[in-house]
Amino acid sequence: MELNSVILTTGSSVGFFKLVNYGVGKLPIPETAQRNVWKWKNISTSFVHSLLTGVWSVLCFYIHPQMAEDLIETYSVFSHALVSVSIGYFIYDFSDMVINQKISHSWELLFHHVVVITCFGISVLTCRYVGFAVVALLVEINSIFLHLRQVLCMASLAKSTFYRVNSMINLGTYVVFRINTLAWMTRWLVLNRDLVPLISYTIGSVGLAIMTVMNIVLFYRLMRSDFMKSSREKEARKDKEKEM
């Protein structure tokens, strides 16, 4: 892939997600979300990215299954475009947060985006590890439900049946497509250490270590918020009934 093609695809992606964000702002916004319109628009845009790239990543392996056998050299224009589009999204989201939010409130996500942009950037510019990057984007399948959860919370639907169903699907896909995927990627990197240059190996290892820590912390927060909280509420109600 030529550099001009990478720049064009990535730049178009930045523009596309900016338009998505603008379009979301023109749609009806729940009254409870109007207290933080920027966050509503940002999460909704992230949801669109997750839906797009989650499905796209699965299609990459379905259309070009040879890529699963060689994650270093084998790739298709379709998969290369996916990684470029994702870089565009992360560049857009990074700038959106820097402009509209205090860095002290979003430094974790900003750091995450820098790591992803760096790793994906190496992939699209060298045309190597594209398959590995596509595997990483399988995580977005879980992000669909993760962002949907945030949308439901902002719309004050956290008590609804739909929210509870989404919470269970979110937890299941979190284990399968986040924790398991990161574990598999780490194992693959270790087993193929001799095939990966030291610089790329170091960047990949550090990136995966950071992602693993961040996802473990997020998993605990989700469990505490969506499942442990309900258990604590039930116990509190039982205690009140005993007192009565």
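Where does UniProt place the feature "transmembrane region"? The unreviewed entry puts this feature at residues 46-65, 77-95, 168-186 and 198-222. The model shown in the views below is predicted.

**View 1. Two of the annotated spans, residues 168-186 and 198-222.** Both ranges carry the "transmembrane region" feature in the UniProt record. Residues 168-186 are 100% helix and 0% strand, with end C-alpha atoms 26 Å apart. For residues 198-222 the figures are 100% helix and 0% strand, and the distance between the end C-alpha atoms is 36 Å.

**View 2. Helix 1, residues 3-26, from end to end**. This helix has 24 residues, which at 1.5 Å a residue should span 34 Å. The end C-alpha atoms of helix 1 are 35 Å apart, so the model agrees with that expectation.

**View 3. The buried residues of helix 1**. Val6, Thr10, Ser13, Phe17, Val20, Asn21 and Val24 are buried. An α-helix has 3.6 residues a turn, so residues three or four places apart point the same way. The packing partners of the buried residues in helix 1 are helix 2 (37-63), helix 3 (77-100) and helix 4 (103-126).

**View 4. A nonpolar patch on the surface**. The patch is formed by Leu51, Val55, Leu59, Tyr62, Ile63 and Phe78, which together have about 600 Å² of accessible area. Helix 2 contributes the most to the patch, with five residues. Val55 is located in helix 2. With a relative accessible area of 45%, Val55 is partly exposed, because that class covers values between 20% and 50%.

**View 5. Tyr129, a residue with positive phi**. Tyr129 sits in the loop between helix 4 and helix 5 (130-136). The phi of Tyr129 is about 65 degrees, although the residue is not a glycine. Most residues other than glycine have a negative phi. Is Tyr129 buried or exposed? The relative accessibility of Tyr129 is 10%, so this residue counts as buried, the cut-off being under 20%.

**View 6. Ser156, in the loop between helix 6 and helix 7**. Helix 6 covers residues 140-154 and helix 7 covers residues 161-191. Ser156 is a residue other than glycine with a positive phi, near 60 degrees. At 47% relative accessibility, Ser156 counts as partly exposed.

Technical notes:
Residues numbered from 1 in each chain as written. Predicted model: local features only at pLDDT ≥ 70, side-chain atom pairs only at ≥ 80, totals over all residues. Heavy atoms only, no water. Helix = DSSP H or I, 4+ residues; strand = E, 2+ residues; numbered from the N terminus. Expected span 1.5 Å × (residues − 1). Buried < 20%, exposed > 50% of the residue type's maximum accessible area, 1.4 Å probe, protein only. Contact = heavy atoms within 4.5 Å. Patch = residues over 30% accessible without salt bridge, like charges linked within 9 Å, V, L, I, M, F, W, Y side chains within 5 Å. Areas by Shrake-Rupley, 256 points an atom, 1.4 Å probe, with all protein chains shown as cover. Salt bridge = Lys/Arg side-chain N within 4 Å of Asp/Glu carboxyl O. UniProt positions renumbered as here; feature names shortened; annotations may be inferred.
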